[in-house]
Amino acid sequence: MLSVQPATRLKPSSARVGVAIAGGGPVGGMYELGVLRALDEAIEGLDLTNLSVYVGVSSGAFIAAALANRMSTADITRIFVTESAHDVTFRPEKFLRPAFHEFALRLASVPRVLFGWWRDVLLDPAAATANDAINRLGALIPTGLFDNEEIGRFLSAAFGVHGRTNDFRELRRKLYVVAVDLDSGETICFGERGWDDVPISRAIQASSALPGLYPPVTIRNRQFVDGALRRTMHASVALEQGIDILIGINPLVPFDATQARAEGRPPASLVEGGLPAVLSQTFRTLLQSRMQVGIAKYAQQYDDVDKLYLEPDANDAEMFFTSAFSYKARKNVCDHAYRATLNDLRLRSETLGPLLARHGLRLREEVIGDAGRTLLDGMTPERRRASNTSARLRRALDDVDSLVHQRNQQLLRRRRR
C-alpha cells in the first residue's frame, strides 16, 4: 500500500531525497529490497545510491547502509536473493549459528545463582516465593538464541571491497543506523557526531539485535539492542536533515482477517493460527500504530516535505503468514513486494506524477504499465569488478557527474520560475 502525504507548504525544491527503512527480520528486509528495486526502475531521475540521507533500523539498516555505500538495488539483489554476486558470499546458515558463547556464560553462572538463592532461602525462608525463584532463575536464560558476531564479520567484508567503506565518516552521503541502549532506553543514531567512529558493520549488528533472537551488542561498555524498540521507522531523523521528499518503508502491518473472511479466504480468525499468529498480529499492530502516530505528527512538523510511505496491504496474507525470520522465502517475498509496488505506483500515478515532477522526477510508464514484469526482468549481467583504486576513481567521476547534473537541474528550475 502506498500512502502519499503531499507537502501543504510548498518551497523551492533542491531535489534532496531521504529514505527511512524500518526493521522486520530477514523477510522484512527482502520486502524492503523489492520495494526499492521497483522504485529504482519505475522513477526516472531517482538515484537510490546518491540520496541526501539514509536512515535504517534493524534489517532496514542492512539495506540503507548498502545503498549509502553505492551498492545498487541490483547489487543487493544479487547478494541476498539470487546469490550470484562475485564479491560477496551470503550464507543464511551463518546468521542462524547458535550463540554458544552466550550459552556458556549463562551455564557458568549457574553455581553462583543457585548458591545465592539457597543462601537467601536459609536466611529468610518466608521470602522464598515462587516469583522470587522464577526471577532468579531467569538470569540463567540466554539473552539471545543466535550468534550475531557473524553479521558484523559479513558486513565488514562486504564493505571492505571495491571502494566501499565501513566508516560512516568516509561516506559521501549521511547514513544513520538506529539502536537502543538497553540499560537506559536511550535512542542512539550511529553516524551522527560523537557516534560516527563506530564501524558501520558494528552499528548494524547492534541495530538488528532483536531481544531473544540475538544477544545485545557491546559498544563503549554499553549494551545495544534493536532500534525498533523505541520507534518503528525513525523517519524524523531523515526529515530533520532538510530534505524535500521522504521515502519511508515499513514491512510489518497487522493482517485484516475480516477482509479475508469477507472474500471467502482463510483464516476465519487468527486464533486458528495459535500463539504465533496472535503474537505476530500484536507485534505488528504495535509497530504500525506507533508509525501512524509519527506520520500524523510529521504532517504538521514537516509540512514542506512531500512524503511517500510504502507498506504491505492489510489483506496481504503472503507477508503476514510468512515467518519474519525465514530465509527460504526471500526470493518470493522480494518479487511479491516488487510487483505490488509497481501496481501501487500505477494506481496512484495521477497523484504521484505532479508531486514527483516538482523534484525533477518522472514515472516510467513503460515500467509501471507492464503488469507481468517481475523482479529479475530488469536485472542486467553483473559487470566486471574493478580494483579498490579504480573503484574509488569511478566513484569520484560519478560524484562530479552528479554535481554537474544537480547544477543543471537547479539552473533549469530557476529559468522555469
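Predicted model: local features only at pLDDT ≥ 70, side-chain atom pairs only at ≥ 80, totals over all residues.
Strand 9 (residues 245-249) runs parallel to strand 10, and the two are paired over five bridges. Here isoleucine 245 has aspartate 306 as its bridge partner in strand 10. Strand 10 also pairs with strand 1 (residues 2-5), this time in the antiparallel sense and over four bridges.

How many of the five residues of strand 10 (residues 306-310) are buried? Five of the five are, so the strand is largely enclosed by the rest of the structure. Both of its faces are covered. On one side sit Asp306, Leu308 and Leu310, and on the other Lys307 and Tyr309, all of them buried.

Now for the nonpolar cores. The largest one has 83 residues, and those with the most contacts inside it are Leu39, Leu46, Leu175, Phe190, Ile204 and Leu345. Helix 1 (residues 25-42) gives this core its largest share, nine residues.

| Cavity | Volume |
|---|---|
| Largest cavity | about 60 Å³ |
| Second largest cavity | about 30 Å³ |

Which residues line the largest cavity? They are Phe62, Ala66, Met71, Ile76, Ile79, Phe80, Phe154, Leu155, Ala158 and Phe159. By class, this lining has ten nonpolar residues, no polar and no charged ones. Three helices, namely helix 2 (59-68), helix 3 (73-80) and helix 7 (149-158), each supply at least two residues of the lining.

The second largest cavity is lined by Val253, Pro254, Phe255, Arg284, Pro312, Asp313, Ala314, Asp316, Met319 and Phe320. Its lining divides into seven nonpolar, no polar and three charged residues.

Note on methods:
Residues numbered from 1 in each chain as written. Heavy atoms only, no water. Core = buried A, V, L, I, M, F, W, Y, C linked by side-chain atoms within 4.5 Å. Buried < 20%, exposed > 50% of the residue type's maximum accessible area, 1.4 Å probe, protein only. Pairing = 2+ DSSP bridges. 1 Å grid on protein atoms, 1.4 Å probe; cavity = no way out; pocket = protein on both sides within 12 Å on 5 of 7 lines; lining within 4 Å. Points joined across faces, edges and corners; volume = space filled by probe spheres on them. Nonpolar A, V, L, I, M, F, W, Y, C, P; charged D, E, K, R; others polar.
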